[in-house]
Amino acid sequence: AAAAEPAEPPLHIESPYRPEEPTPQSQPLSRMRRTIGEHMKRSLDTAATCTTWIEADMGRVERARAELGVTALPIVARAVIETLREHRAINAWLEGDRQTLHAGVHLGIAVSLGEDGLIVPVVRDAQDLSVEGLGARIRDIARRARARELSADEVRGGTFTITNPG
């Protein structure tokens, strides 16, 4: 019966209530945030960027993770390493008219420093590590990054970044 009756138009299409817009607040950037912004801008200016969305069934990863006693990150990192070794043109530097292909994989892992921003320590020669070894190395560099115990060499030269804010 309700479908047969013509619907009455609503009294209001939109709510007349309009909350006040919050006043923008400006504050100086910390040195780390300013540096992150500068590096991100430089990356946009110097590197080809693209975004690809892919759905993946992570069931096998979840089973392997539970069996090995690690998080999913070292398993995914191992897959990235194998892909970079198989497709060396991705693991390369492009400088002017020269391309430098790298045999080893130095894997950057982003680590949140809370309000202080983030840092990307590098797992050097990651291709030599097992999934368990990657998990142990990632835990170690993340702990030392948060404790500010990394050397300058441990945060330079990564060829690929996996974000792990935790």
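Analyst: Start with pairing. Two strands pair if DSSP finds at least two bridges between them. This is a predicted model, and the labels below apply to that model.

User: What makes strand 1 and strand 2 a pair?

Analyst: Strand 1 covers residues 92-95 and strand 2 covers residues 98-101, and four bridges join them. The cut-off is at least two bridges. Four bridges meet that cut-off, so the strands count as paired. They run antiparallel.

User: Why is His102 called buried?

Analyst: Its relative accessibility is 17%. Buried means under 20%. The value falls under the cut-off, so His102 counts as buried. His102 is in the loop between strand 2 and strand 3 (107-112).

User: Which residues does His102 touch, beyond those up to four places away in sequence?

Analyst: His102 touches Arg88, Asn91, Ala92 and Trp93. A contact here means heavy atoms within 4.5 Å.

User: Why does Val70 count as buried?

Analyst: Val70 has 7% relative accessibility. The limit for buried is under 20%, so Val70 counts as buried. Val70 also sits in a loop, between helix 2 (59-68) and helix 3 (72-86).

User: How far apart are Val70 and Val131, in sequence and in space?

Analyst: They are 61 residues apart in sequence. In space, the distance is 8.2 Å, C-alpha to C-alpha. Val70 is also in contact with Val131, and with Arg65, Ile75 and Glu132, leaving aside neighbours within four places in sequence.

User: What share of the chain is buried, and what share of its contacts join residues at least 24 apart?

Analyst: Of the 166 residues, 22% count as buried. For contacts, take those between residues at least 6 apart in sequence: 55% join residues at least 24 apart. The accessible surface comes to about 12,900 Å², and 54% of that belongs to carbon and sulfur atoms.

User: Why is Asp125 called partly exposed?

Analyst: Asp125 has 35% relative accessibility. Buried means under 20% and exposed means over 50%, with partly exposed in between. The 35% value falls in between, so Asp125 is partly exposed. Asp125 lies in the loop between strand 5 (122-123) and helix 4 (131-146). Its phi is positive, about 50°, although Asp125 is not a glycine.

User: What makes Arg148 partly exposed?

Analyst: The relative accessible area of Arg148 is 48%. Exposed would need over 50%, and buried under 20%, so Arg148 is partly exposed. The place of Arg148 is the loop between helix 4 and strand 6 (160-164). Arg148 has a positive phi of about 60° although it is not a glycine.

Definitions and conventions: Residues are numbered from 1 along each chain as its sequence is written. This is a predicted model: local features need pLDDT of at least 70, side-chain atom pairs count only at pLDDT 80 or more; totals for chains, interfaces and linings use all residues. Side-chain values use heavy atoms; hydrogens and water are left out. Buried means under 20% relative accessible area, exposed over 50%, partly exposed in between (1.4 Å probe, protein chains only). Accessible areas come from the Shrake-Rupley method with a 1.4 Å probe; for residues, only the protein chains shown count as cover. Helices (H or I, at least four residues) and strands (E, at least two) are DSSP runs, numbered from the N terminus.
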